[in-house]
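Hello,

Here is the structure I promised to pass on. Please open it first, then read my notes below.

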Amino acid sequence: MQNLCQWMIWSILLWSTLTHASPPTFEWKDPNTHEKLLCEKCPPGMSMAKPCTRDMGTKCKPCANEHYTQYWNYVDRCLYCNIHCNILEVEVGSCNRTHNRVCECKPGYHAESLFCIKHSKCPAGSGVVKPGNAQEDTQCRVCPQGTFSSNHSSTKPCQPHQNCSAQGLWVNVPGTRFHDTYCTSCRADKGWEEGSGIGNCHEAALDFVAFQLKSPRRLRRFYRKLTQTLPGTEKKSIEELQVDLHSYLLQLKNLHGKERAWDMVQVVLAKMKLEHILKNVQRSFSGYLINIGKLGH
């Protein structure tokens, strides 16, 4: 108890000392008497109207609108709030009598050499480990084993590959750092009566074939023949091109149905003389999927 009382007394004395501390001062020479004086400075938010005399303390005046002083001072006029936020900035601190206006880069941008620069996107195969903020750019890292990132993004981290066996399925396409693992219930050694289903096998074939083309030139040619459009001119890795093709095959499946989409893919593969890919599909799934007689050479 005695220690507690002593602590309270010392706390009160310290508080009293801090709250009654004398204002800072500056030296001033009276122009009339040439006497050296020690004048009190004006507090933040004010400037000096008149310096002190032997008989009178320093006179201070408040800063006008759009003007400020941040520290104890003896300037004869307040500073103008000269900071104005540009189109890529947001105001996070308004101009007042004690502070200039404060701006920072708006969301999605960071400060770099006095400019606001758009946050970098992590490339496919890499994920965000620390999102960018107003002061720092996005921080990325290559997706570790067992994870992937298919898109360029400034917000998304690497995602874990799905576990096929946990779902009672087989691995159709093993996952990489660029794409997820694709699972299927369709297997060449599993009969239809066991429930793999023709539709599931068509879907599995569409997933599978997207990652069988290993040449960027062939991938672009296949994509062009399938879509009847020119591929993008941007430079992409083989893995990114495969992911783009897979995304288009999913669109094709949703638009035309699984069987029709697979028929369209078979036609293009045959026209490009890529029968070895069709044979790979036949080995992996079921001969039912391949009907060369239907293909238009």
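**What I found**

R101 is buried, with a relative accessible area of 11%. Buried means under 20% relative accessible area, exposed means over 50%, and partly exposed lies in between (1.4 Å probe, protein chains only).

A word on the source. This is a predicted model, where local features need pLDDT of at least 70, side-chain atom pairs count only at pLDDT 80 or more, and totals for chains, interfaces and linings use all residues. Residues are numbered from 1 along each chain as its sequence is written, and side-chain values use heavy atoms, with hydrogens and water left out.

**Salt bridges**

Side chains of opposite charge can pair when their charged atoms come close. How many salt bridges does the structure hold? There are seven. A salt bridge here is a side-chain nitrogen of Lys or Arg within 4 Å of a carboxyl oxygen of Asp or Glu.

R101 forms one of them with E66; their closest N and O atoms are 3.4 Å apart. R101 sits in the loop between β7 (89-93) and β8 (102-105), and E66 in the loop between β4 (59-62) and β5 (67-68), so this pair ties together parts that are 35 residues apart in sequence. Strands (E, at least two residues) and helices (H or I, at least four) are DSSP runs, numbered from the N terminus. E66 is partly exposed, at 34% relative accessibility.

R101 also forms a salt bridge with E91, with closest N and O atoms 3.2 Å apart. This pair links R101 in the loop between β7 and β8 to E91 in strand β7, 10 residues apart. E91 is partly exposed, at 45%.

Another salt bridge joins K130 and E136, at 3.1 Å between the closest N and O atoms. K130 is partly exposed at 36%. E136 is partly exposed at 34%. Through shared partners, salt bridges join E66, E91 and R101 into one network.

**Two helices**

Now look at helix α3 (residues 216-227) and helix α5 (residues 258-271). Their axes come within 10 Å and cross at roughly 130°. Axes are lines fitted to C-alpha atoms, for helices over the stretch in contact, and angles run from 0 to 180 degrees between N-to-C directions. The two helices are therefore oblique to each other. Angles under 35 degrees count as roughly parallel, over 145 as roughly antiparallel, 65 to 115 as roughly perpendicular, and the rest as oblique.

Which residues meet? F222, K225 and L226 in α3 meet M264, V265, V268 and L269 in α5. Contact means heavy atoms within 4.5 Å.

Best wishes
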